[in-house]
Amino acid sequence: MNDAPTRTPAQAAPTRREQILSEAARLFAERGFHGVGVDEIGAAVGISGPGLYRHFAGKDAMLAELLVGISERLFAGGRRRVIEAASAGGGPAAVLGSLIDGHIDFALDDRALITLHDRELGQLRDSDRKQVRSLQRQYVELWVDVVRRLHPDPYEAEVRAAVHAVFGLLNSTPHLGRPGALPGREATAALLRRLAHGAFAALSDGGTRPEA
């Protein structure tokens with residue numbers, strides 16, 4: 001899985017640091033953080049294990065940059081999508097659709113990072129783990145605000161639970177089988193998109209506030 005942002009042909013090739021992070025993410029996801037040595041990460045990118053220390057202080061630093069980095073990119077990307085959709089005159093439905101599409105791209109392209117978060121978050125230093133959690137809370141609240149504008153009747157707690165449920169759905173991609181066993185990327189994305197929109201639509205179907 002490529003941890004670096006998607007690049008156009010006109011953009012520069014991944015830096016050595018980005019190559020190291022990409023291979024570290026893949027190896028950590030496949031074999032676990034403690035099952036991978038620095039030498040193996042170095043071999044995957046064609047440099048000696050000690051050579052990695054010119055880029056990172058060690059495996060802990062790689063893991064922190066991977067997990068903090070993806071949390072930062074998700075939140076920043078979500079804010080950008082909200083601003084762009086709103087600037088284009090889109091209502092809450094268009095904004096939510098853009099958020100869903102962005103998260104689907106992450107879920108399909110960065111499965112290794114989903115696996116890392118699920119398995120290895122506890123390996124981070126307290127300060128890094130708190131930063132990840134803080135960024136995640138902000139990302140959740142970004143979605144909650146948009147969903148509440150689209151579905152104003154349910155209680156806020158119900159909307160927040162729906163957002164977490166949709167994240168669970170979209171982040172299930174590492175458990176869908178080997179990439180070759182899945183439908184094509186576009187077909188998988190379309191399925192996830194329908195399921196996410198259906199989950200949020202259920203808020204209006206039965207998620208109204210009880211009458212006093």
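Asp-128 is found in helix α6, which covers residues 126-150. In this predicted model, the relative accessible area of Asp-128 is 11%, so the residue counts as buried, the cut-off being under 20%. Leaving aside residues up to four places away in sequence, Asp-128 touches Ala-64 and Val-68. Helix α3 comprises residues 59-87.

The chain as a whole contains eight helices and zero strands. Read from the N terminus, the order of elements is therefore α-α-α-α-α-α-α-α. Of its 212 residues, 42% are buried. Among contacts in the chain with a separation of 6 or more, 70% are between residues 24 or more positions apart.

Helix α1 spans residues 16-31, a run of 16 residues. Gly-32 follows α1 and has a positive phi, near 90°.

The buried residues of α1 are Ile-20, Leu-21, Ser-22, Glu-23, Ala-24, Ala-25, Leu-27, Phe-28 and Ala-29. Their cover includes α2 (38-45), α3 (59-87) and α5 (111-120).

Helices α1 and α3 pack at an angle of about 95°, and their axes are 10 Å apart. The two helices are therefore roughly perpendicular, a term applied to angles of 65 to 115 degrees. On the α1 side, the contact is made by Arg-17, Ile-20, Leu-21, Ala-24, Ala-25 and Phe-28. The α3 side contributes Lys-59, Met-62, Leu-63, Glu-65 and Leu-66. By class, the contact of α1 with α3 has eight nonpolar and three charged residues, with no polar residues. Of the α1 residues in this contact, Ile-20, Leu-21, Ala-24, Ala-25 and Phe-28 are also listed as buried.

An unreviewed UniProt entry lists residues 37-56 under "DNA-binding region". Over residues 37-56, the chain is 40% helix and 0% strand. The end C-alpha atoms of this stretch are 14 Å apart. Helix α2, at residues 38-45, is among the elements covering the buried residues of α1.

Notes
Residues numbered from 1 in each chain as written. Predicted model: local features only at pLDDT ≥ 70, side-chain atom pairs only at ≥ 80, totals over all residues. Heavy atoms only, no water. UniProt positions renumbered as here; feature names shortened; annotations may be inferred. Helix = DSSP H or I, 4+ residues; strand = E, 2+ residues; numbered from the N terminus. Expected span 1.5 Å × (residues − 1). Buried < 20%, exposed > 50% of the residue type's maximum accessible area, 1.4 Å probe, protein only. Contact = heavy atoms within 4.5 Å. Axes fitted to C-alpha atoms, helices over the stretch in contact; angles between N-to-C directions. Parallel < 35°, antiparallel > 145°, perpendicular 65-115°, else oblique. Nonpolar A, V, L, I, M, F, W, Y, C, P; charged D, E, K, R; others polar.
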